[in-house]
Amino acid sequence: MGLLYQIFIDPFMQMGQAPDLLVQTLWEGLVGGVLYALIALGFVLIFKASGVFNFAQGIMMVFAALTLVGLYEKGVPAPLALLLAIGVMYLLALGVERVVLRPLVNQPDIMLFMATFGLTYILIGAGQLVFGGDPKEMPVTALGLPKGAIDLKILGGLVSLQKIDIAAAIIASIMVAGLAVFFQKTRIGRALRAVADDHQAALSVGISLNQIWVIVWFTAGIVALATGIMWGARSDVSFALQVISLKALPVLILGGFTSVPGAIVGGLIIGIGEKLGEFYWGPLVGGGIESWLAYAIALAFLLFKPEGLFGEKIIERI
Amino acid sequence: MFYREVGQFKTSYAADQAIFPIRQDRIGLALILAVAFIGIPLIGGEFMIASVMIPFLVLALAAIGLNILIGYTGLISLGTGAFMGVGAYACYKLSTLFPQVNIIVWIISSGLVSCAVGVLFGLPSLRIKGFYLAIATLAAQFFLQWCFVRVGWLYNNNPSGAIEVPLHTLFGIPITGATAKPLTRYYVVLTIVVVMTWFASNLVHGRIGRNWMAVRDMDIAAQLMGIRLLPAKLLAFAVSSFYAGVAGALMVFLWLGAAEPEAFNINESFVLLFMVIIGGLGSLIGSFLGAALIHILPIIVRTTPGALGLSIGSATAEHLTYIITGGLILFFLIVEPHGLARLWQIAKQKLRVWPFPY
């Protein structure tokens, strides 16, 4: 009985008693969710256009941020370092298309999945070889991002919002909106959607698959760079960030592999659910449940909707 | 010329359905076993046995377990590392609670514990498929790993958080703990791996294995043909986690001697997945080849510069190991997407018709 009380009643009592804490937790969950959603967005872009489940998205994020910070530490001015990092992501997209995708086209999904594992290893090794394995600090102010916190007095308490988090939320929304316009309105965007629908049909109307793949991986690279900057500003840039990117996987299955809005909604659900769970229910089992709660939430959703919230309905034929 | 079935007539159905229908295959297998049981202990040094052969065998056993799940039943799992952990912790717990019972009994029983946990986490597989399932198994990976850290009962509240293996003997000879000789441990591991491989081989070549493969190729079609999906899939999860659990127990008790929760993290699961895919999906020999390649490759990469007289810092060497391993994974996937086992089959076919091209 006491246990049931602790699980079902006590956390809500706490929420009611300290609404400012609840708002703070919700805000942190929201920001975490936005960042998960950004990583998931990179996955979705690549999965839609090339059918590759890109495990390397997480390390691409670290690699992009590391390139930026590494160049900055070597004395390159921040805006130039940003441009150069974008250039590196473009080269990476070219290389991936030429070395990985082109020889492996039409192989089973799991082979391409494994190939991105190989890519992950190469990027980890190369990143450490060139820039060293130590955590690096993101030059937040040099990039023109705000620092510090805004304290709001609401609900009889103090809620503190980090400015960088607000910036992250704004940049994320701009990026999502930009991608939506890019997909719906531009010529290349339409070509991307055609490729996503059917490779062969797209080829037969004269769309170059190879070119599209480079564009998609480059776009995912830019998304990775933006995500890397945001994560790097919250904690330092290091290879440990790659583990965070695994958190984007439950976001993906929650939202569906092929849906951009799904990635956003999934990210928010996972981010908020995780923070609330850790804060209010975590102490019951000794804390640290953040490491698996996201997966449990996603699993619970999946049992009712096996293709995710916004995924394409899976139709199976014999 | 040497590898041909000409003149080997089958006079019974049993002979016709044998797993190794060609006499040369049986001779080859006997030779491999002879080398493993007699040759390697004779010529191999302590390093060879303790750091190359024992890990190779343990990893190959875990890879067989994963291959049953991915290669034979088509269910992708990223939680093998955690299931190995379940085996290791179960074995530790059982052997410290009842130290008088033979350790081999506990190693096998810990496989059964892992089996039960595997079935539990395999339940969603009926509704979820493909990559969605892969991510669902990550839930098992992270949840179990969290248990290994947070549940003190599992490691007897050892302040270091690690599990340490006590001394156990078999017929009066120490086989686990600090005083056990590598050679003794090698023989125990080898025997268990050989017996379990033989068992797996019979399983996948029989009715159950055929059911699994039907499910892998198309589960709805398999269902229409009268295969019940839930038992087939759960059995695959059960057998797979049993193998992983035994491999985990062997890893801690006969290879490492002690382990921390970190030993069973997600990287372990990924490494095993590499082994299965590079070795060849749906092939037992592929599991061995993959384990050999993935385990021995970094050792070679690490020792080559020293042997060539080049001096590279250990950090640089480690980074290079990453790059080279990644590059080789890509190389093997592009050159032979069906894995090393496929290369082995091509070689066999060529040998069969040699000296003619077809």
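Select Ser240(B). This residue is buried, with a relative accessible area of 5%; buried means under 20% relative accessible area, exposed over 50%, and partly exposed in between, with a 1.4 Å probe and protein chains only. Ser240(B) sits in helix 10 of chain B, residues 229–256. Helices here are DSSP runs of H or I with at least four residues, numbered from the N terminus. Show what surrounds the serine: Ser240(B) touches Gly65(B), Leu66(B) and Leu69(B), leaving out residues up to four places away in sequence. Contact means heavy atoms within 4.5 Å.

A word on the model. It is predicted, so local features need pLDDT of at least 70 and side-chain atom pairs count only at pLDDT 80 or more, while totals for chains, interfaces and linings use all residues. Residues are numbered from 1 along each chain as its sequence is written, chains are lettered from A and ligands numbered from 1 in the order in which they are written, and side-chain values use heavy atoms, without hydrogens and water.

Next, select helix 8 of chain B, residues 207–217. Which of its residues are buried? They are Gly209(B), Trp212(B), Ala214(B) and Val215(B). These buried residues pack against helix 3, helix 7 (182–205), helix 9 (219–224) and helix 10 of chain B.

Trp212(B) leads on to the largest nonpolar core, which has 211 residues. A nonpolar core is a set of buried Ala, Val, Leu, Ile, Met, Phe, Trp, Tyr and Cys residues joined through side-chain atoms within 4.5 Å. Color the members that touch the most other members: Phe53(A), Phe257(A), Tyr186(B), Trp212(B), Tyr243(B), Phe264(B) and Leu273(B). Stop at Leu273(B). Setting aside neighbours within four places in sequence, Leu273(B) is in contact with Phe113(A), Met114(A) and Phe117(A) in chain A, and with Leu66(B), Ile70(B), Ser77(B) and Leu78(B) in chain B.

Now open the second largest pocket, with about 1,400 Å³ of space. On a 1 Å grid over the protein atoms alone, a pocket is an open set of points with protein on both sides within 12 Å along at least five of seven lines; a cavity is a set where a 1.4 Å probe fits but cannot get out; lining residues have an atom within 4 Å of a point. Grid points are joined across faces, edges and corners, and a volume is the space filled by probe spheres set on the points. The pocket has 44 lining residues, and Tyr121(A), Asn265(B), Asn267(B), Glu268(B) and Tyr322(B) lie nearest its centre. Helix 11 of chain B gives the most to this lining, seven residues. By class, the lining has 26 nonpolar, 12 polar and six charged residues.

Then look for cavities: the structure holds five of 30 Å³ or more. The largest cavity has a volume of about 50 Å³. Select its lining: Phe83(B), Phe121(B), Pro124(B), Leu133(B), Ala136(B), Thr137(B), Ala140(B) and Phe237(B). Helix 6 of chain B supplies the largest share, four residues. Seven of the lining residues are nonpolar, one is polar and none is charged. Ala, Val, Leu, Ile, Met, Phe, Trp, Tyr, Cys and Pro count as nonpolar, Asp, Glu, Lys and Arg as charged, and the others, Gly among them, as polar.

Last, the cysteines. How many disulfides does the whole structure have? Zero, over all chains; a disulfide is a pair of cysteine sulfur atoms within 2.5 Å. For Cys91(B), the nearest cysteine sulfur is that of Cys115(B), 15 Å away. Cys91(B) is buried at 0% relative accessibility, and Cys115(B) is buried at 16%.

Technical notes: Helices (H or I, at least four residues) and strands (E, at least two) are DSSP runs, numbered from the N terminus.
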